Structures are given as structure tokens and as C-alpha cells.
Amino acid sequence: MCGIVGIVDAGGVSFPLYYALYALQHRGQESTGISTFDRRPFVHKGRGLVAEVFDEQILGRLRGTVGIGHVRYPTTGANLPENIQPFNFVFREHTLSLAHNGNLVNTNALRTCYEQDGQIFCTTTDSEVIATIIAHEIRRSGSVEDAVGVAMQKLQGSYSVVLTLDDALYAFRDPLGIKPLCIGRTRSGYIVASESVAVDALNGTLLRDVAPGELVKVTENGITSTQLAVSDRRAHCMFEFVYFARADSVIDGTLVYDARRKIGEELYLGAPMDADMVAPVPDSGTAYAIGYSQASGIPYLEGLMKNRYMGRTFIMPDQQMRENAVRIKINPIKKHLENKSVVLIDDSVVRGTTSRRLIDIVRDAGARQVHLRVGSPPIVAPCYLGVDFPTRTELIASSRCTEEVKDLIHADSLYHVPLCKMVEAIGIDVGNLCTACLTGQYPVEVPGECCDARCVEFQKGSVQTRLDVD
């Protein structure tokens with residue numbers, strides 16, 4: 001998934017970028033980086049969390065009133081120093097910096113094409129391919145708008161991108177709007193970020209989302225916009241609403257918390273249960289559990305306590321680390337669970353290993369029954385667009401019915417929210433959501449997979465001033 005942010009601020013951007021990345025830390029924990037510009041680029045990148053990579057002295061050296069930042073969650077490219085974003089290029093006395101959230105499905109073909117033309121790649125990421133295309137086209141035309149337009153015609157997959165060319169900030173989003181991207185205003189500038197919580201971290205005001213296929217340019221004078229591509233549909237990632245985004249984010253007009261709370265209500269209405277308590281899997285199950293409790297009248301009570309100084313087990317780089325981390329990360333509250341019938345609520349069941357371990361922890365703490373309720377339908381197909389469950393063999397529900405999954409994860413009962421009810425709670429028409437991991441129908445063409453891709457028209461729209469600095 002990754003998290004990206006770009007800021008223009010007359011008072012300097014290094015500390016605002018740091019605070020925004022801190023707010024987006026849940027989107028990636030492998031590495032982070034910041035690139036700023038003040039007549040020349042200033043860059044600092046490293047492995048680890050935002051607070052581990054940056055300190056006051058480092059931020060003080062990142063001078064400039066424009067810059068971008070990135071937190072990385074690996075889906076393509078190895079865990080190598082050269083893969084840490086933002087990426088920086090210097091050509092014809094210009095400096096280009098770029099950070100990307102998403103995943104391309106035609107990376108290898110594009111890389112091969114450019115290598116045949118003599119291009120040398122320094123990383124193994126699809127983000128460098130995007131940067132290479134844009135830099136190549138800027139050298140040819142001198143226009144960022146033209147360069148991004150060409151890139152949109154070549155790129156297949158999901159992408160939200162922030163980039164700086166010298167002292168100007170640009171941001172764009174794929175024509176289907178798969179990955180989120182929003183614009184906010186701060187006291188002395190503007191911010192573009194993956195989620196609105198980054199705007200909140202700067203005490204800013206959320207203005208709007210970057211439209212799918214739109215390119216925005218941000219300078220000290222305001223924001224201008226060019227619509228480069230228009231699709232006859234959207235494909236917003238449903239997993240953002242179910243799991244990945246922070247619950248207090250507003251994505252494409254939907255407050256994530258409200259969507260999850262409504263899904264929790266549907267979990268009760270679809271499979272009523274007489275139990276002693278409703279308990280979330282912290283923290284992603286909390287809003288669902290509150291909705292379930294409100295609809296059912298069953299008391300909400302925490303049965304599991306999270307060690308908040310550990311990252312999400314879902315983002316651990318390999319399965320063994322995920323399994324070992326569960327007990328360290330989650331501890332049962334035994335007095336709440338002893339001899340209770342528990343409705344345990346989680347956002348999703350992916351591999352099933354974590355669900356089984358959590359249910360075992362609750363049962364070992366003395367629970368009489370454990371009924372699992374899940375805020376997404378069964379995940380049955382791989383994601384090629386930015387979420388780390390790439391093969392069907394890893395997905396517990398891909399070849400098993402609900403009853404078989406229930407037995408494997410040691411639950412007394414198991415119920416998933418139906419797709420139609422999840423869509424209704426999110427508030428976006430199913431035709432404008434990417435539900436490929438639930439249905440196997442992909443919004444872009446993926447070799448060997450079913451595709452429901454529709455028309456995307458590319459156009460050079462007129463540039464219009466959206467906002468001006470007071």
C-alpha cells in the first residue's frame with residue numbers, strides 16, 4: 001500500500017512532512033524517506049519507522065518550502081536500501097523527486113522496453129519505472145503535464161503519485177482511482193496525502209480528493225488542475241475501507257469509521273447471536289465491534305489488549321514472523337473472558353493463521369465459546385494492485401467453504417458480511433469499487449485473470465485554477 005505526502009509551505013516543509021508521515025505510519029513500516037528542495041535537493045531515507053529514521057537535527061538539514069515523503073509497505077521490490085523512496089533524478093539542471101503508492105501489473109514489460117532503449121534501472125521497484133517514464137518525457141517535451149499524460153497511457157495498475165520538479169509539487173492518481181489521494185490546506189500552504197489523517201495532523205482543512213486521472217500542480221501561488229484521463233467507472237480499493245486506512249480518515253467522501261460501524265451492524269443482523277460479550281481484534285476490529293454491540297445490545301468489552309509498540313502482524317515480511325508476533329502483540333484480559341460466550345470481531349481473514357492463534361488465545365484464557373464475525377466477505381483471489389496476499393495458496397478461503405475455514409481456525413461459528421451489505425455500508429456503488437480479491441474480477445487486465453476493465457479515455461483538459469493563496 002505505502003503512504004505518500006507532498007507539502008508546499010512557506011514556513012518550511014521538513015517538520016510538517018515528518019508529522020504527516022507519522023500519521024501515515026500504519027500504511028508502511030519497512031522504510032521511510034523525505035526529499036525537499038531549496039535551490040538543490042535535500043534527501044534523507046532509511047529503514048525503520050518514521051521516528052527511528054528522523055530526528056530534529058536531520059529534519060533541520062532538510063531545507064526548503066516544497067517536499068515529498070514516503071512510508072514503504074513492500075509489494076514489489078526487495079527490502080534493499082536502493083528501494084527506499086522518494087527517488088531522485090537530476091537532469092538538464094532540474095531535480096525530479098517522486099514517491100508512489102500502488103502496484104503496476106505491467107512493470108516488467110515497461111522495464112524491458114526502456115532497457116532496450118538504453119535506460120539503466122537502479123532499483124527493483126515499479127515506482128522507479130514510473131519516475132523513469134516521466135523523466136524521459138520531460139526531457140523530450142519540457143512539460144510535466146505532457147509527461148504525466150504519456151505515463152498514464154502506459155501504466156497499467158494502481159498508482160497515486162507525488163512528485164516535485166524543482167520548487168513545484170505535482171500529484172496524480174490513476175484513472176480508476178484505485179489508491180486514495182486527497183488535498184488539504186494548512187495555515188501557510190497545502191498538503192497532498194494518501195489519507196486525510198495527514199491533513200489533520202497539521203491542523204489543516206481537507207479540501208477534496210484528487211480526482212481519478214487528474215494531475216494537480218501546487219505552488220506558493222495556489223493549485224491548478226488538469227484532467228488527463230477519464231474512465232467510465234471507478235475502482236476504489238475496498239480493502240482501504242475494510243482494513244488499511246485509519247478509521248478516522250475520510251476517503252472518497254466516506255468516513256472509514258462509519259463504514260466499519262455499519263458493517264458491524266450488518267454482521268449482527270445477518271447472523272444474530274446470543275452471547276455474553278462482543279470483543280474486537282484490536283485495533284482494526286474496534287469500529288465493527290461497536291456497530292455489532294449497538295445493533296445487538298450485547299455488551300462491548302475488550303477481551304484482547306494490544307501492545308501498541310509493535311507493527312501490524314499483517315505487514316510483517318514473512319509468515320513465520322507473523323505467527324511468532326501474534327502472542328507478543330496481543331494479550332488476553334482473562335477476567336473478561338472466563339466462562340464467557342464471546343463474539344470476536346475482525347476486519348478480514350486472509351491466511352487464517354492469525355485468526356486461529358487469536359481464537360486459541362481467547363479460548364485458552366477461559367472463554368466458553370468463540371464466534372468469529374468478519375467485516376469483509378471471504379478473500380478468495382490474489383491482489384495484484386498493492387495488498388500483500390499475492391497467491392491463492394496463501395488464502396484460506398480460496399478453495400474452502402465457510403464451514404471448513406471455521407474448523408481450521410478453531411471457531412465455534414464463522415460469519416462474513418455479504419458483499420452487497422459491505423458495499424451498502426461503504427456507500428460507493430459496487431461498480432465503482434475494486435472487489436477483485438472477493439470476486440476474482442479485476443478492474444485492469446491481469447494476465448491469466450478475469451477482467452472487467454472498461455473504457456479509459458485520455459485527454460488534455462484545460463488547466464483551471466482551483467485555489468489561490470489569500
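Trainee: Is D346 buried or exposed?

Mentor: This is a predicted model, in which local features need pLDDT of at least 70, side-chain atom pairs count only at pLDDT 80 or more, and totals for chains, interfaces and linings use all residues. Residues are numbered from 1 along each chain as its sequence is written, and side-chain values use heavy atoms, with hydrogens and water left out. Buried means under 20% relative accessible area, exposed over 50% and partly exposed in between, with a 1.4 Å probe and protein chains only. D346 has a relative accessible area of 8%, so the residue is buried.

Trainee: Which residues does D346 touch, not counting residues up to four places away in sequence?

Mentor: Contact means heavy atoms within 4.5 Å. With residues up to four places away not counted, D346 touches V281, S284, L372, R373, V374 and G375.

Trainee: What is the relative accessible area of D347?

Mentor: D347 is found in the loop between β21 and α13 (353-364). Leaving aside neighbours within four places in sequence, D347 is in contact with V242, Y243, S284, Y288, V374, G375 and S376. D347 is buried, with a relative accessible area of 3%.

Note on methods:
Helices (H or I, at least four residues) and strands (E, at least two) are DSSP runs, numbered from the N terminus.
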